[in-house]
Each structure stands twice: as structure tokens, then as C-alpha cells.
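The sequence and model are shown first.

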Amino acid sequence: MAVVEISVAPLGTATPGVSSYVAACVEIVAASGLTYQLNPMGTVIEGEIDEIFALVKKMHEVPFNQGALRVS
């Protein structure tokens, strides 16, 4: 079992607000079935490391798919 904390920050977006990007990432986490907790600085995810890495990859791709130029 592994525990990770991730924060996905889209950069180079058309607007200063990033809530739609964050909400889309949270939807992916919720659909994963893994245990997670949101906090002010990111999301803590608990599960098997391979499942977490696959989920992190999906989360990282979300802002690109929504038009962000870069993702941190």
C-alpha cells in the first residue's frame, strides 16, 4: 500500500481560474475507486502503487486535454 499527495497545476490557460481543471481531475480520482482525501494544497491518494501511478498519469493529461499549454 502506498500513499501519495499530488497537486496538478495547469499553466498557460485562457483564464486565470483553474477550478474547472481541478474539478475534472477530482472526478477522475473519485471514479478510480481508490481512497483519497482533498486538502488545501492537493489530493492524498492511497492504494497500490501501480494503480496510483496510472491515476496520476490520467490526472496530468486532463489539463492538456482542456487546452492548457503546460502542467506542473
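## Ile45 and its surroundings

Ile45 is in contact with Ala2, Val3, Val4, Ile6, Val29, Leu34, Thr35, Tyr36, Ile52, Leu55 and Met59, leaving aside neighbours within four places in sequence. Contact here means heavy atoms within 4.5 Å. Ile45 is found in strand E4; helices (H or I, at least four residues) and strands (E, at least two) are DSSP runs, numbered from the N terminus. With a relative accessible area of 0%, Ile45 is buried. The term buried means under 20% relative accessible area, exposed means over 50%, and partly exposed covers what lies in between (1.4 Å probe, protein chains only). The C-alpha atoms of Ile45 and Val29 are separated by 8.3 Å, and the two residues are 16 residues apart along the chain.

This is a predicted model in which local features need pLDDT of at least 70 and side-chain atom pairs count only at pLDDT 80 or more, while totals for chains, interfaces and linings use all residues. Residues are numbered from 1 along each chain as its sequence is written, and side-chain values use heavy atoms, with hydrogens and water left out.

## Thr43

Thr43 is also found in strand E4. Its relative accessibility is 9%, so Thr43 counts as buried. Apart from neighbours within four places in sequence, the contacts of Thr43 are Val4, Glu5, Ile6, Val29, Tyr36, Gln37 and Leu38.

## Helix H1

Helix H1 covers residues 19-32, and at 1.5 Å a residue its 14 residues should span 20 Å; the end C-alpha atoms are 20 Å apart, which agrees. The expected span of a helix is 1.5 Å times one less than its number of residues. Which residues of H1 are buried? They are Tyr21, Ala24, Cys25 and Val29. These residues cover an arc of only 140° around the axis, which puts them on the same side of H1. The arc is taken from the directions from the helix axis to the C-beta atoms.

The cover over the buried residues of H1 includes strand E2 (10-11), strand E3 (35-39), strand E4 (42-47) and helix H2 (49-65). On the face of H1 turned away from its buried side are the exposed residues Ser19, Glu27 and Ala31.

Tyr21 is found in helix H1 and, at 9% relative accessibility, counts as buried. Tyr21 and Leu34 are 13 residues apart in sequence and 20 Å apart in space, C-alpha to C-alpha.

Gly33 follows H1 and has a positive phi, near 85°. This glycine, Gly33, sits in the loop between H1 and E3. Gly33 is exposed, with a relative accessible area of 65%. Between the C-alpha atoms of Gly33 and Gly47, 14 residues apart along the chain, the separation is 9.4 Å.

## Helix H2

The 17 residues of H2 should span 24 Å at 1.5 Å a residue, and the end C-alpha atoms are 24 Å apart, which agrees. Buried in H2 are Ile52, Leu55, Met59, Val62 and Pro63. They cover an arc of only 80° around the axis, which puts them on the same side of H2.

The buried residues of H2 pack against strand E1 (2-6), E2, H1, E4 and strand E5 (70-71). Exposed on the other side of H2 are Asp50, Phe53, Lys57, Lys58 and Asn65. Just after H2, Gly67 has a positive phi of about 105°.

## Packing of H1 against H2

Two packed helices are described by the angle between their axes and the distance between the axes. The axes of H1 and H2 come within 9 Å and cross at roughly 155°. Axes are lines fitted to C-alpha atoms, for helices over the stretch in contact, and angles run from 0 to 180 degrees between N-to-C directions. H1 and H2 are therefore roughly antiparallel to each other; angles under 35 degrees count as roughly parallel, over 145 as roughly antiparallel, 65 to 115 as roughly perpendicular and the rest as oblique. The contact is made by Tyr21, Ala24, Cys25, Ile28, Val29 and Ser32 of H1 and by Leu55, Lys58, Met59, Val62 and Pro63 of H2.

Val62 lies in helix H2 and counts as buried at 8% relative accessibility. Val62 touches Tyr21, Ala24, Cys25 and Ile28, not counting residues up to four places away in sequence. The C-alpha atoms of Val62 and Cys25 are separated by 6.5 Å, with the two residues 37 residues apart along the chain.
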